[in-house]
Amino acid sequence: MGPASEPGRRDPALLLWPLASLVLPLLPLLVLLLSALEVPRRLVMVVPEGERVLSAPFELKDGWLGSPRLALTAEIPANSSIELDVTLLDGTGRTVLDLTKDGWRASGTWAEGGESGTWEERDAGLALALRPGRTGRFQLAVQLQDLLDEAGRPLPHPVVVRGSLHNHSVDTPMLLFTAVLTLAVVQVLLMASYGIGRGRWVSRCGEGTAAIRCEVGGPGVLRVDVLARWELPHDNPPLGTPPVTAAIVLAVSDAQGRPRLRHRQMVAVVHSSSDGDHWLSVRRELHLRLPERGSYRFRVELPEALRADGDLWEIEWLQLTLTDGLRTAWPVPVLPLARAAEGHGDA
Amino acid sequence: MPDERALLLLLAVTVVAAGTITAVTRPGLWRLGQDGTPAAGSGVRYGGSYRAGRWVPATPRRQDWAGFQGRGPGAAK
């Protein structure tokens, strides 16, 4: 196989910059990771019924780098309900927000179809996402209005209210959506950069030889895809080990019929089976560079039958696909063409 | 084809920039003093709301609610 390009000269078929776009979907995830590294401010309040309990003062920061998010959870007994007043006070003790959380916690056992287990559900928390307008110190005042059991009777327990404050929280669903959407656009970009050429030709036949004549050549490389499949002529499993290699021959001739390339190589044969069916297949990708546009004939040849350990594998189909004008992200081995005047050139 | 590729790259950069900046700066987030109240999830009743930059307590102060609202084992398995 020949080199992808001349030494010291950049291969014009190489196109690297679209690969850099793969970094883009990672940016929202990086922001999410950095946000997750923020250590939250913890708040703990033990609230007896009827008493107003103040939290430790905390700072709500205003700015463009994320926003404050305050989450509170009341730890209440199983099968109980709670009514909790929460007031946000500014640095002067003035009420800036006042709300009531109606929460509950329920649990029990279930049995169905001979199986059993326990269940628990709760809604005893709240989360506030807001901007304070300007950075300042704030405080929470929490008051327990009711803590009732399932029958509506008051429970004498104090309630522990735990809080966590992030001053730089971000919109997680928006970041994940952005990452997915960006990845989709990048995939389209990569497909447009590396997957689409000037032309594509396909020939599929039930013999060991397939050929295509077409107008190809110019910037980029020509990719030759060869795909073939052999099967046993009967439904019985193979008697022995299938062959592991097969010879593939690619011949290229120009518009005048002069041979420009005859390349022969051994390719790996893959044995597959499903639901009692057995088959052998090969897949090979070869690359050519045709600087001058013109009419070329591409002929690929594989064995009509493969014999091994008493089995005769007959070819089922052979597919030859040509894609012209492709750019690649990495150098690919390119088969050298003989000059037209030299006539024949074995690789 | 180069024009399409450049356009797609521009589109990808625009999507990632717009989505990330919006997720970080959150321009639609409620601000203290803004009319109304912030979103706070289920079971939350505000005791007032902001009007013209001032916190105005609601009347009556408390509403009735049904108390215990566990949904039972049928919804929890």
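Two strands pair if DSSP finds at least two bridges between them, and strands here are DSSP runs (E, at least two residues), as helices are (H or I, at least four residues), numbered from the N terminus. With that in hand, take one pair of residues: A251(A) stands opposite R262(A) in β15(A).

Some ground rules. This is a predicted model, in which local features need pLDDT of at least 70 and side-chain atom pairs count only at pLDDT 80 or more, while totals for chains, interfaces and linings use all residues. Residues are numbered from 1 along each chain as its sequence is written, and chains are lettered from A and ligands numbered from 1 in the order in which they are written.

Now the layout of chain A. Chain A has domain 1 (23–175) and domain 2 (196–340), with bounds that come from an automatic or database domain assignment. The centres of these two domains, taken over C-alpha atoms, are separated by 65 Å.

β15 covers residues 259–268 of chain A, and nine bridges pair it with β14(A) in the antiparallel sense. Another bridge partner across this pair is M266(A) in β15(A), for A247(A). β14(A) and β15(A) make a hairpin with five residues between them, and G257(A) in that turn has a positive phi of about 85 degrees.

Next, the packing. A nonpolar core here means buried Ala, Val, Leu, Ile, Met, Phe, Trp, Tyr and Cys residues joined through C-beta atoms within 7 Å. Buried means 20 or more other C-beta atoms within 10 Å of a residue's own, exposed means 12 or fewer, partly exposed is in between, and C-beta atoms are placed from the backbone. The largest such core has 29 residues, and V224(A), V252(A), L288(A), F298(A) and V300(A) have the most contacts inside it. Among the strands of chain A that each supply at least two of its residues are β12 (209–216), β14 (245–253) and β18 (294–301).

What does F298(A) touch, neighbours within four places in sequence aside? The list is A211(A), I212(A), V224(A), V252(A), L320(A) and L322(A), where contact means C-beta atoms, placed from the backbone, within 7 Å. Apart from this core lies another, of 27 residues, and A40(B) is among them, as are A106(A), V142(A) and L147(A).

That brings in chain B. In all, 44 residues of chain B are in contact with 51 residues of chain A. On the chain B side, α1(B) gives the most, with 15 residues. That side divides into 23 nonpolar, 13 polar and eight charged residues; Ala, Val, Leu, Ile, Met, Phe, Trp, Tyr, Cys and Pro count as nonpolar, Asp, Glu, Lys and Arg as charged, and the others, Gly among them, as polar.

The chains also share strand pairing. Strand β6 (residues 95–112) of chain A runs antiparallel to β1(B), joined by three bridges. Here T100(A) stands opposite R45(B).

Methods
Contact = placed C-beta atoms within 7 Å.
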